[in-house]
Amino acid sequence: MTPSGRSIRISREAVVRLWLHRQGLAQPRGSRRLDRRAFVGHLERTGALQLDSVNVVDRAHYLTLWSRFGPYDRADVDRWVYEDRLAYEYWGHEASILPISHLPLGRRRMRRFPPASWSGRAWWDRFATSTASKRRVLRRLRAEGPLESVDFQPQPAEREEKTDSLAWRLKEDKRSLKLLWHDGRVAVSGRRHFRCVYDVAERVYPIGPAASLTEYHDSWLLVALSGCGFAPERHLVNYFTGPELNAAERRRVIARNLRKKRIVEVEVEGLRGPCYALPEHVDGIDELAEPAGTTLICPFDSLLWQRKRAAELLDFYYTIEIYVPAAKRRYGYYVLPILHDGRLVGRLDPKLHRDRGVLEIRALHFEPDFAPSARFKTRLDDAIADLANFLGAVDIAMPPSS
């Protein structure tokens with residue numbers, strides 16, 4: 001609603017246009033150079049870069065940036081995060097790289113970890129560790145400096161001990177390392193071959209305050225609206241997952257921010273229920289350029305964090321089939337959706353054979369209502385070739401039917 005009480009009505013096409021602009025996917029891939037400013041800008045707009053260990057093609061955060069900026073030097077990103085401290089690793093949408101400006105929000109989660117809702121749950125009781133284990137881990141980090149999880153393996157002298165208690169202690173200390181990261185006493189100071197290097201937090205994080213509890217709860221809404229643009233509540237759930245809010249708490253956050261005029265309520269044509277937006281996104285939405293370009297989207301891209309949103313706004317139904325038994329997969333193991341001029345028009349299943357320098361496209365599928373044109377095929381070929389270049393592949397193997 002406007003201050004005068006007049007309803008704001010937005011077309012679905014305008015909502016998609018803004019969404020892709022906020023996600024950095026409205027311009028052709030590579031039309032902007034990935035520098036420090038662009039990197040921080042992406043984090044600030046979308047909220048985070050999700051991290052994931054799957055390396056069939058490339059690490060998720062590197063691939064997400066390539067989708068927007070084209071080939072770049074991965075060492076630049078590592079330096080901006082782990083040396084220049086423009087960002088930090090913590091929980092945003094799952095484990096993520098977050099802008100350093102969000103550290104006060106992270107600190108609030110650290111202070112409230114574990115959430116009260118975990119108390120008494122069987123899985124938490126199995127995973128939680130003793131105070132003695134946490135003290136051992138902190139003592140080693142302070143004395144020895146940054147360590148990896150592998151450093152908490154049995155030492156040569158300890159391997160001679162044939163006791164179950166030693167094995168249990170070492171496993172417990174590895175879990176403590178991760179729990180201390182969650183509660184803010186330990187931080188990720190770097191990575192070696194994607195393995196986390198941990199250190200005590202005071203040697204990694206800059207000094208600063210924690211957000212208030214209200215600011216922390218509000219971040220569930222405001223970070224998601226920054227990345228999504230116009231959205232109903234159901235599209236915001238699971239976008240920024242640091243704050244664990246139930247339905248009643250989410251409604252209170254929305255009501256409070258409407259009352260304070262930090263957000264406005266809008267009606268979107270063809271979309272069920274009230275939608276919300278930051279006021280600055282309403283002005284000038286009709287002047288946004290139509291999305292253009294063809295690129296490939298990582299399964300862990302922020303564009304796909306809320307599957308309902310992709311289904312309702314782009315008519316694209318997507319499931320990550322990594323955890324689906326091979327015989328039951330419909331499209332493939334690590335499927336990359338194809339974004340073309342603002343539409344998700346298909347998907348391909350790639351695999352990088354590093355030993356042979358070959359990017360293999362094992363399968364290629366198009367949406368039933370999409371007819372590939374010669375122009376589109378040229379753009380798709382360009383995108384695949386650009387990805388191969390980024391990955392260091394010297395050859396591309398396409399499926400026979402392509």
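Tryptophan 124 is buried, with a relative accessible area of 12%. Here buried means under 20% relative accessible area, exposed means over 50%, and partly exposed lies in between, using a 1.4 Å probe and protein chains only. Tryptophan 123 is partly exposed, at a relative accessible area of 36%.

This is a predicted model, in which local features need pLDDT of at least 70 and side-chain atom pairs count only at pLDDT 80 or more, while totals for chains, interfaces and linings use all residues. Residues are numbered from 1 along each chain as its sequence is written, and side-chain values use heavy atoms, with hydrogens and water left out.

## Aromatic pairs and charges over rings

Which rings count as a pair? Rings of Phe, Tyr and Trp (its six-membered ring) pair if their centres lie within 6.5 Å; planes under 30 degrees apart count as stacked, over 60 as edge-to-face and the rest as tilted. By this rule there are 16 aromatic pairs. One of them is stacked: tyrosine 88 and tyrosine 90 have ring centres 6.4 Å apart and planes at 20 degrees. Tryptophan 123 and tryptophan 124 make an edge-to-face pair, because their ring centres are 6.2 Å apart and their planes are at 75 degrees.

Tyr88 and Tyr90 also belong to one aromatic cluster together with Trp181 and Tyr205. Lysine 178 lies over the face of tryptophan 181, 4.9 Å from the ring centre. A charge sits over a ring if NZ of Lys or CZ of Arg is within 6 Å of the ring centre and within 35 degrees of the ring normal.

Where does tyrosine 88 stand? It is opposite leucine 98 in E4. Helices (H or I, at least four residues) and strands (E, at least two) are DSSP runs, numbered from the N terminus. Strand E3 covers residues 87-92, and five of its six residues are buried, so this strand is largely enclosed by the rest of the structure.

Strand E4 (residues 94-99) runs antiparallel to E3, and six bridges join them. Two strands pair if DSSP finds at least two bridges between them. The hairpin from E3 to E4 passes through one residue.

## Cysteines without partners

How many disulfides does a search of the whole structure find? It finds zero, a disulfide being a pair of cysteine sulfur atoms within 2.5 Å. The sulfur of cysteine 196 has its closest cysteine sulfur in cysteine 298, 17 Å away and therefore too far for a bond. For cysteine 275, the closest is in cysteine 228, at 11 Å, which is also too far for a bond. Cysteine 196 is buried at 16% relative accessible area, and cysteine 275 is buried at 0%.

Most residues other than glycine have a negative phi, and most peptide bonds are trans. Arginine 85, not a glycine, has a positive phi of about 60 degrees. Arginine 85 lies in the loop between helix H4 (74-82) and E3, and is partly exposed at 23% relative accessible area.

Lysine 261 has a positive phi as well, near 65 degrees. This lysine 261 is in the loop between helix H11 (247-259) and strand E8 (264-268) and counts as exposed, at 61% relative accessibility. Phenylalanine 113 and proline 114 are joined by a cis peptide bond, with omega about 0 degrees. Proline 114 lies in the loop between helix H5 (103-111) and helix H6 (122-127).
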